[in-house]
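Please consult the sequence and the structure shown here while reading.

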Amino acid sequence: MQEKLSQFLDQAFAPYGDFPARSEVTKELLANLNEKYQDLKEQGMSDDEAYQATVDSFGDVKEIMDELSRSEKEATPEPEPSLRETLKNTFRQAKATMGISKFGATVLKQADLSDSDLSGQDFSYSALMGTNFDRSNLASAKFRAAALKDTSFVGANIRDAVFAASDLQNANFTNADLAGTKFRASALKNATFTDAKLTSTDFGHSDLGGVTFDSQELNGVVFNGASLKSTSFKNATLHDVSFHHTEVKHTIFDGTKMDKVTYALLKGAGAVVDTVEIL
């Protein structure tokens with residue numbers, strides 16, 4: 001079944017060729033799909049039923065890919081066929097045929113871009129591992145399919161930015177403003193969100209395994225279809241937080257405060273909510 005799920009991901013990403021974070025992102029997504037499939041099997045579903053339900057739960061992945069496709073079409077009405085055919089030349093061809101900004105499809109590993117005004121910039125398809133964006137203005141910036149492992153965003157303004165299918169493992173968002181930021185189908189294992197502003201932030205279909213939101217306030221945050229294995233919300237306060245189609249059996253809610261609707265959804269999904277305080 002893993003091979004069948006892998007083929008599903010390959011088909012979803014096929015129209016977009018190669019990009020810096022593809023290997024890590026598809027690996028994380030495949031792990032999430034497998035986990036979801038196994039959970040459904042344990043609930044008594046047949047192989048076919050569990051597979052279909054798993055794929056259906058990741059319906060928004062296609063929406064993410066459509067968004068990436070639209071960004072290419074807007075930049076280049078008639079993209080060169082070689083853009084998707086010659087994967088090894090993704091960076092060079094993206095600059096030549098997609099017309100994205102000066103930061104798009106570039107290699108800026110461990111670059112120092114701290115204290116910079118980069119609002120609205122497009123970093124899509126770029127290799128930015130270990131780059132320092134501390135205290136920078138990244139409002140409405142785009143990071144589609146970017147490699148951002150070990151990147152630092154401490155104290156940065158990232159309001160309304162878009163991270164779609166990006167590798168953000170070990171990224172540091174301490175004290176960052178993430179209001180309205182969209183993390184879609186991104187790998188966020190062991191990322192740090194200490195004291196980050198989390199209002200209407202969208203983590204849909206992302207892998208947040210091992211992430212800690214302890215003692216933080218989350219308002220209107222979306223975790224639909226996300227992987228939250230060993231993710232901790234100890235003593236956090238949740239207002240209108242969405243966990244639809246999310247596996248929460250292994251998520252930690254010790255001492256968490258939440259509204260009645262969020263509590264009902266989590267309890268119905270099998271979350272351990274024995275010590276939760278209802279607001």
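Over which ring does the charged end of Lys4 sit? The charged end of Lys4 sits over the ring of Tyr51, 4.1 Å from the ring centre; the criterion is NZ of Lys or CZ of Arg within 6 Å of the ring centre and within 35 degrees of the ring normal.

This is a predicted model, in which local features need pLDDT of at least 70 and side-chain atom pairs count only at pLDDT 80 or more, while totals for chains, interfaces and linings use all residues. Residues are numbered from 1 along each chain as its sequence is written, and side-chain values use heavy atoms, with hydrogens and water left out.

**Aromatic pairs**

A search of the whole structure finds 25 aromatic pairs; rings of Phe, Tyr and Trp (its six-membered ring) pair if their centres lie within 6.5 Å, with planes under 30 degrees apart counted as stacked, over 60 as edge-to-face and the rest as tilted. Two of these pairs are tabulated here.

| Pair | Distance of centres | Angle of planes | Class |
|---|---|---|---|
| Phe143 and Phe153 | 6.2 Å | 90° | edge-to-face |
| Phe233 and Phe243 | 6.0 Å | 85° | edge-to-face |

Phe233 lies in the loop between β4 and β5 (237–239), and Phe243 in the loop between β5 and β6 (257–258), so the pair ties together parts 10 residues apart in sequence. Both Phe233 and Phe243 are buried, that is, under 20% relative accessible area with a 1.4 Å probe, protein chains only (exposed is over 50%, partly exposed in between). Phe143 and Phe153 are likewise buried.

**The sheet**

An open sheet is formed by 5 strands in the order β3-β4-β5-β6-β7, with parallel pairing. Strands are DSSP runs (E) of at least two residues, and helices (H or I) of at least four, numbered from the N terminus; two strands pair if DSSP finds at least two bridges between them. β3 (198–199) and β7 (277–278) stand at the edges with a single partner strand each, so one side of each lacks a neighbour in the sheet. β3 pairs with β4 (residues 217–219) over 2 bridges in the parallel sense, and Thr199 stands opposite Asn219 in β4.

**Pocket lining**

Lys36, His245, Thr246, Glu247 and Ala269 lie nearest the centre of the largest pocket, which is lined by 14 residues. On a 1 Å grid over the protein atoms alone, a pocket is an open set of points where a 1.4 Å probe fits, with protein on both sides within 12 Å along at least five of seven lines; lining residues have an atom within 4 Å of a point. α2 (22–42) and α7 (260–268) each give two or more residues to this lining, and α2 gives the most, with 3 residues.
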